[in-house]
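The sequence and structure come first.

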Amino acid sequence: MEEELRVRLNDHHQVSKIFPVKPKSTAKPVSKSESTESRYWSSFKPHSIPNLVSSVSALAFSPVHPHSLAVAHSTTVSLFSSHTLSVSRRFSFRDVVSSVCFRSDGALLAASDLSGVVQVFDIKERMALRSLRSHKAPARFVKYPFQDKLHLVSGGDDGVVKYWDVAGATVISDLLGHKDYVRCGDCSPVNDSMFVTGSYDHTVKVWDARVSKWMAEINHGSPVEDVVYLPSAGMIATAGLNSVKVWDLIGGGKMVCSMESHNKTVTSLCVGRMGLDESAENRLVSVALDGYMKVFDYGRAKVTYSMRFPAPLMSVGLSPDSSLRVIGGSNGMVFAGKKKHAEKKQTSVMSFWSVNSQVEESRRRALRPTYFRYFQRGQSEKPSKEDYLVKESKGVKLTRHDKLLKKFRHKEALVSVLEDKKPANVVAVMEELVARRKMIKCVSNLEEGELGLLLSFLHKYCTVQRYSVLLMALTKKVLEMRAEDINGKEEFKGILRNLKREVNQEIKIQQSLLEIQGVIAPLMRIAGR
Amino acid sequence: MIRGGRSYVKSPPSFSNDAKKLLVCTGNNVSVFSAATGLQITSLEGHTAPVTTLIVVPASSAAQKILCYCWTASLDGTIRHWDFSGPELLKTVDAQVPIYSMVIPCLLSEPQQLDSSKLVAYVSVEDTSLVKEGSKELRGHIRRFNLAKERLPRGDTLKETEEPKSIVISPSGEFFGIHHKCKIHVWGVPSGGGSRNALAKKMTLHHTKVINAFAFHPTERIIAAGDVTGRVLIWRSFGNRKLALASQKKNARSMVDLDNPGVRDGDDAESCTTWHWHSAEVNVLNFSSDGAYLYSGGREGVLVVWQLDTGKKKFLPRIGSPLLYFIWSPEPTLSSVVCADNQIHLLKMPSMEISRTISGIKPPPSLPKMYEGLSSTVAFDRSSGIAALCTENYCVQLYNLLNDRGISEVQVCERNHQPGDEITVVVTAVALSLDGSVMSTTEVKLPEDGIGGLVSLKFWESEPDNKTFTLSTIVYEPHKDAGVSAIAFHPTRSMAVSTSFGGDFKIWVCNSDKSQTEKDSSWICHAVGSYKKKPMTAAAFSGDGTVLAVAAENVITLWNPVKNMLLSVLGATLTPITKLCFVGKSEFLVAASNFPKPELSVWNTSKLSLSWSYGLRIEAVTSAVDSSTFAVLALVPKTFRKSKSKKNIFRGRDGAILLFNGSDPKPVSIWTVMKAQGGSISFLEGDKSQLRLAFVNGSHEYVVFDPSSDDTHERSAIDYEGLVGEEETGDFGYTSLYGQLPDYDKKRKEDAESLATPFISSERPWETIFSGSTLNFPPLQKLCGEFFESLMEKSNSVVE
């Protein structure tokens, strides 16, 4: 009883309500666009960097803040600032650059080119610090080991994986074992001497720099295009042809799961965190020549997000602070996506160091009645957590046609919504007019120009399945009622001709659908038995 | 037994002096509501016929504001004086004739000297001695009545009219009047109210249209009147000549020759102005307490405020129902507007916002002809005793039958209802799941000239703890363009079936178990079925939910709802089936068909055969979940009711509720009811021990009673109300009247094949049974048999 009383007291029984005209709700898409996952991935605000000469073969992020981005395209490696996405430096090579990599402190950058040379740059200087020449065929990948600042791993089309001493520009060991081109590789994120390489001989080999033979071998089943370590270092992900496979290294190289939702060859993989919190999960991001980027939740073996780009994709990268998502296309486009509030965290960290300046600033901001801002103070104040918010009841937002309908100016409402060119709204207004028994009157009152507007709308949408029930009947009625006006004008005849063609086409489609149904129905019946 | 659903709006309500209570006439009682919460506090019970007038004794000083006295007048011919804080009956005055309206001028004019011996009331009564069929006698009388002397002298009649009129009194208590056709008759109250011989002076104002309502200005001599065409007329300075007091007479005479603009027929008024905004008749007129504004309202459901000096207007639009009364409270910030849909809205005053609503049960919607009898506009939540009722303004009202109180309203169709408009959108059906958590509605948008008709089916879900439904799923055109004929819910799972006249039925399931959050749940089509493309007219799930019965016109098809398999087909009835209901958890299935030949048939689903049938027109069927009893609401044919010997039994009642037990064709008990057309019944089983039957009649009055109890005691109360012509539902216990007598087992054929069960015609015709002493009546079981035989058309030939 008491509870009921409370419910009763709370109900704000509003009798006089205005209902704006709403279009019919449509069926929701099957893949829920509003999951947290897809919200996260679609929240990257698109930026694109055009004008790079040719295919973007490799991307790399600096491991230290501000995580500048190195993009390898054609014979150049361009260094971009991750804030403004503008070029800060260019390094040029003699041949097409195939791979690029930052050292763990972000101070040096290594890149390999198709002439077989691996070059090491200081990111602040133009000239190469070292040129490592030993590969007899194009070098395809180069990688700094985790935290190790002195060595490099590289691989190339000669099938040899080389372990370099950078300072001396000498090969420490040639790791032999691959029978075909070595195209990719990655270094363990926990151990300085462990790394994996993938080759066109379908295998991925796990190496230890301290021994000259591979320690484990995994067969992907197709030429391996890319291989990455997952953050735990116990698992790796490989990409070959249109499949991405996740393998358990510690468990003896068993396949954990595979994802085959790409239609063409997967070109690149990377691992990224969803956000910065401790609980954020890791995702495997893959791009392929079919132009799709797919986000793969390898824990649940599920593709959680997929996005299409207008070019075959060659490379992908996620910045370590997960504020930037960069994808390189084969046409020289870089599709970058930037998160808006990723910077906030950074500034709050910064302000920790600049307490003094802030105190000064607040003193400066003390307002006096002589300031103009004094009179605006507090207007844009945001409520703090413990404040009790008194909510103002929001009025119903009315569009122009709603206001006209409210004033019973039916024809004007119809014309105004026709001018808006939103078919769902037009149909909703028409339904409302039907419910008010004013549709016929509206049609008969339309002036010439307005009639043209209506006719071209009908021509465009009367065969759309969602609206056809209403619009077909209306079209018939309009033609019946306004036959004289339509005959009188040349322009209307054109619309009418198009309308006729449209309807004929629809009839043909319907007929062929019926034919198909006729073919299928007996089959279904047999299957039902 | 609980009765409810009474109209709150038959006569105007009244505020108490402290404006904290609102007194509302509800049938025979006066209910006192709290203005702050809108809940009922208490009720004044004592009148034996509907209360027509309610006058709260006004407070003359601030100290008296706590006084809670009121006078009531009723059709039972008594005037009563109450202390409604108690509540306590202080005094009863018997006037002996039905009182339709009453005013007590001296309460307003001289509140200081409330000498009860001098209280004079003016009453509008119906002279019952003149009542004859079709007579043109002037039955309505306006009389003067001394409340102290408790006698209604004949001589004091002021005016005689064809019908009793309601009296309007001026707020100052100086004048009162009635409107009669195109005229307003106004009387001045003689000063010094006690003197016997001072009869009231009378004057008349004329108009060319029938006047619907009028009001007096609180301080000046101004009358505002509203007519049927929507005009509002303002007469200023009326009665200067005829009603003037002796001292003023000289001044008045000098003004006779003046030209009085707008005043007709030499009426006694200085001027008459007309305002016209309302498009339909004006029902409500009231001046504000300071006299600066005039409130008017009518069928459009818009309250208009006129500034009296300038004629400027302000509006409170979209109330959604014709207005009936507008009353002020002593508190200037509170007033109340009463609507025809049984709602009393309390207004926050200068801003005219509706702050609270006292909501009675809403009257049923008026449906277009084609939907009459096909729609099921009432659904019951059996556990909590809540009924969901379709209303005029595209809403479903949830009404607690046990507490007699509206709970909430669900806007089914997002449109504003404008009373008086052509009906273009109809909510045709509402259904509730057994646990009351899911509601389903269908609405039809009627096409204009063949354009834009639309049928949609909606599923609503409520949180378990409160009864506010939120829209879960809309299905547009669930069965192409064919209308939905019935909706039924699965007793245990979240599954529903909708049948259509287009020849198919669809099973809908809620896919909430797949998704984690409740908000994502939606209803999707699980299966479609049809039987020989016949129109599907009714559907029901069996008690355990394993069998779905769908009526395909005149055959009953049984389906497995999960696998969507046709299990079997039950033989044909003669006419299309309109209602289906499984009897509890038993194997019996009740089917009812109405047109063209009414029939109630009970089928045995395990034997797949007909058990028995009656030729009764059935309005509603319900069955208890656990036991094997079921009840039907049958309409009694008019020809049968009218015949002489049964008149005293039915007394204007047009239907009967019959309670059956399982396969037994003899009803366990019968109650006759009023306004059964469009009514519905349902068992309510809140607590396990008690099984109650709820009956909501065609005008949404209802009664909840225990069908198993021996209601001898209640019968007396019901009969009494029946005698005094109370327009309420009443039951009439045959069982209690004749007592349970030893078995008289008349063999009835339970043969499977016999569709038209041959009934044994009795030697004695039904007419003679009730003649003679009640002691000689035959036993009940025999009576029932005969009773029903006489209801049915006899078929002589037995179908092989």
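## Chain A overall

The model is predicted. Chain A contains 12 helices and 28 strands. It has 529 residues, of which 44% count as buried. Among contacts in chain A with a separation of 6 or more, 45% are between residues 24 or more positions apart.

## Packing of H7(A) and H9(A)

Two packed helices are described by the angle between their axes and the distance between the axes. For helix H7 (residues 423–435) of chain A and helix H9 (residues 448–461) of chain A, the angle is about 115 degrees and the axes are 12 Å apart. Angles of 65 to 115 degrees count as roughly perpendicular, so H7(A) is roughly perpendicular to H9(A). The crossing of the two helices is left-handed.

On the H7(A) side, the contact is made by Pro423(A), Val426(A), Val427(A) and Met430(A). H9(A) contributes Leu454(A), Phe457(A) and Tyr461(A). By class, the contact has seven nonpolar residues, with no polar and no charged ones.

In the model, residues 204–235 of chain B are 62% strand and 0% helix. The end C-alpha atoms of this span lie 12 Å apart.

Methods: Residues are numbered from 1 along each chain as its sequence is written. Chains are lettered from A and ligands numbered from 1 in the order in which they are written. This is a predicted model: local features need pLDDT of at least 70, side-chain atom pairs count only at pLDDT 80 or more; totals for chains, interfaces and linings use all residues. Side-chain values use heavy atoms; hydrogens and water are left out. Helices (H or I, at least four residues) and strands (E, at least two) are DSSP runs, numbered from the N terminus. Axes are lines fitted to C-alpha atoms, for helices over the stretch in contact, and angles run from 0 to 180 degrees between N-to-C directions. Angles under 35 degrees count as roughly parallel, over 145 as roughly antiparallel, 65 to 115 as roughly perpendicular and the rest as oblique. A crossing is left-handed if the near helix is turned anticlockwise from the far one by less than a right angle, and right-handed if clockwise. Contact means heavy atoms within 4.5 Å. Ala, Val, Leu, Ile, Met, Phe, Trp, Tyr, Cys and Pro count as nonpolar, Asp, Glu, Lys and Arg as charged, and the others, Gly among them, as polar. Buried means under 20% relative accessible area, exposed over 50%, partly exposed in between (1.4 Å probe, protein chains only).
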